[in-house]
Every structure is written in C-alpha cells, then in structure tokens.
Amino acid sequence: LKMSTILETSELPAVFDGVKLAAVAAVLYVIVRCLNLKSPTAPPELIYQDSALARFLIKSCPLLTKDGHIQTALYGKMGRVRSPHPNGHRKYLTMPDGATATFDLFEPRSEHCTGEDVTMVICPGIANHSEKQYIRTFVDYAQKNGYRCAVLNHLGALPNIELTSPRMFTYGCTWEFGAMVNYIKKTYPQTQLIVVGFSLGGNIVCKYLGESQANQERVLCCVSLCQGYSALRAQETFMQWDHCRRFYNFLMADNMKKIILSHRQVLFGDNMKKPQNLSEADLGKLYTATSLMQIDDNVMRKFHGYSSLKEYYEEESCLPYLHRIHVPLLLVNAADDPLIHESLLSIPRALSEKKENVMHVLPLHGGHLGFFEGSVLFPEPLTWMDKLVVQYANAICQWEKTKPHCSDAEQAVSGQE
C-alpha cells in the first residue's frame, strides 16, 4: 500500500466539508497506524553547479539539505485551518485592453535582517489569489521577516471583482504580473525584488523574467515552486490515472468551469470586443468539459488568438525562456507531486546542471504545494516550503551585501595557490 500526497487544495474546489474531511483523516490515520506504514525521510536531492554562490547558499540555508517530518496523506486542506489573516491594501491597474488587474500589497511588520528594503512579488497558482490560505500563511511569515509582499490576483479569480474586458488569466500570460512589478518599482524606487511563483505562478514568473533582460533589473532572485515547466509535455501525463492525476485534472477543470461561467456575460455575451473565435458553441463545449485541456482548447487559448492547443502550450510555457534567466533561480519540486509527472523533472535537472545560477531542490515528499510538517492529525500551518523560500531569500540578500568581499577573498586565495 502506497499513499500519495494530496495536493494543496487551495488550488482545487472544496470537495468535502470539514466534518467529512476530519472523518477521512481519522480513517487514514487508523489505517496507517494499523499497517505500521512509515514514509521514508531523506535529505532533499539538490542539483547545482559548484560555485561561490552555491556554497554560500548551502551554508546559509540549512533547509536546502534538511528534510523534516513531512505529511504524506490528506492535509492539503486540513493543514491550513489555522491560517493567519494579514492585512493588505488592494490595488487596481487598468491594462491597455481595458482589463482591470488587481493585486494586494502587504507592508513588512519588522526590519529586514539586512536592513534593506526588499519586496516579494508573488504569483499564486491556477485560479488563485491573495485570499487563499496558503498565500495568507506565506505572506504573514514573510512580513514577520521584514519583507513587503505584493500578491497578484489572477484575472477573473476573485469572486467579487468583475471582468472589465473579455479576457481571463491564462497559463503563461505575464501582462498582469508585469504591471504589478512595474508599479512596485515605480512606487518604491529603492526596493529590491524577490520573485516567487507557486505552481502555475512559477511558470508565469519564469517566463516573465526570461522575456526581457529589463525584467530582471532590481531582481535579487526568483523562486519557483511545484511548476511543470512544459504544458505541452505535461498534457498527456495529466490524463493518466497514476497518483490520481486524472481525478485532480477533473476537479481543477470543474473549478475552472465555475470561474469562467461566473463571467460568461462578459466572455460570451454580445460584446464587440470579445475574441472573434470565441462563440456560443464554445460555451456549450465548456459545460461538458472534464479536463483542463478541453477547457484550454475551447476557451482559454482563444483569449490570445492561438490557432491550436499545441501552439498555446508551446508559446505560454516558460521552457524556452528559462535559459535567459541570469539572476539566482531556485526551482523546487516534490518527487511525490501528484500533478507533476517525474518525466518533467528532467527539465529543471538539466538546467541546474548547466547554469551556475540555478538550483533544483527535490524532496521525497511534499505533494503539490503541500510540504506539511507536524503531527499526523494536526500538521503545522507553516510549512517547510514557506520556511525554505524565506530562508533562501534571506541568504540571497546577505550574499548581495557581502559578495564583493567574498569575491575579493576568493581571488586572494586563488592568487596564493
């Protein structure tokens, strides 16, 4: 019997209510105890090129090589029941096509360890926003460590914000994220940026950075968590049943349908500005869709005029842009992620073996945005993932302050040798 990690269900619709979820948790706990099942623990696999930066990060960021007791069943929802509620201010940005982008801004609650002004610009997972529990937990922790946080709300994801143009977020559109970053750069001219992307957000932030060298200005580093890197390569695996991947696909598709249908008047109504290839027939196909690929083919790709699903996935994936990122890049996946097939992990592995600025961290357990620690029935809301991102960001900030000195010291040692 092998138990797979359930994904962080802040990316899924609510399937059970709290009582049913607790009952299932209790049953699973009894099964685990009765069968004496224990998940193996081991340090995360760490792939990188040896360099002064890599050695500094490993020394300064113990979580890169330390695996805690990470839950491997069920707690995608239960692990977040005690999430904090950080207070932020919602900002509204009008896009060139009339769309209204929104993001929430959270000020730091303490001084940063370096004394510098540092802002985390955060892109959540598919159909997510700043009010999701995993985002609230991370933002609260980052604020306490001296970071300002700006969290993008994906276009169309917030239930109380109407669309102002016939377009929603897509797999790799970077327009709204770029607008948020530009606002932060202009409003806080002294701040430096830490870029963070969760799942689909990881694809967006990596694509954004790779699209232009100017996008990497004032960026200290980027952290991508649990993304799949290539939608084209992932689409076939997403229809497979191992690790219940097809079931998760169905649930996420159901959630996407609900979001799209909540905006159907703007997207499918009598609007002269709507995409010409988006029709009432597509609305009918949407009702019967059972996978994200069907929704992407019938609706999502048409927001930007892609002629086929293949073209949409090729153009919106970050894969062609990864090698253009020159700031430190941390790519985090879990070996038991039920959404990301193991074949996709060859992408970050190959990149980290070629580029000195890239590290790939691969723990045995963590699921999809899970990484919970603590007791079996009551894991901690703050996860290994949350702590790793902040610890890595702290180390990068320290490196930026000390690297001239470190470089001089290394050159002196090399000269003596």
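## Cavities and sheet: worked exercises

By the rule used here, the count comes to five cavities of 30 Å³ or more, where a cavity is a set of points on a 1 Å grid over the protein atoms alone at which a 1.4 Å probe fits but cannot get out. The model is predicted, so local features need pLDDT of at least 70 and side-chain atom pairs count only at pLDDT 80 or more, while totals for chains, interfaces and linings use all residues. Residues are numbered from 1 along each chain as its sequence is written, and side-chain values use heavy atoms, with hydrogens and water left out.

**Exercise 1.** Describe the largest cavity and its lining.

*Solution.* Begin with the volume, which is about 450 Å³; a volume is the space filled by probe spheres set on the points, and grid points are joined across faces, edges and corners. Next, find the 27 residues that line this cavity, lining residues being those with an atom within 4 Å of a point. Ile 126, Tyr 171, Leu 200, Phe 238 and Leu 292 lie nearest the centre of the largest cavity. Then sort the lining by residue class, which gives 18 nonpolar, seven polar and two charged residues; Ala, Val, Leu, Ile, Met, Phe, Trp, Tyr, Cys and Pro count as nonpolar, Asp, Glu, Lys and Arg as charged, and the others, Gly among them, as polar. Finally, at least three lining residues come from each of domain 1 (38-230 + 318-401) and domain 2 (240-316), with bounds from an automatic or database domain assignment.

**Exercise 2.** Describe the second largest cavity, and find the strand that gives the largest share of its lining.

*Solution.* The volume of the second largest cavity is about 90 Å³. Among its 13 lining residues, Thr 100, Leu 155, Gly 156, Ile 161 and Leu 163 are the closest to its centre. Strand β3 (residues 100-106) provides the largest share of this lining, three residues; strands (E, at least two residues) and helices (H or I, at least four) are DSSP runs, numbered from the N terminus.

Conventions
1 Å grid on protein atoms, 1.4 Å probe; cavity = no way out; pocket = protein on both sides within 12 Å on 5 of 7 lines; lining within 4 Å.
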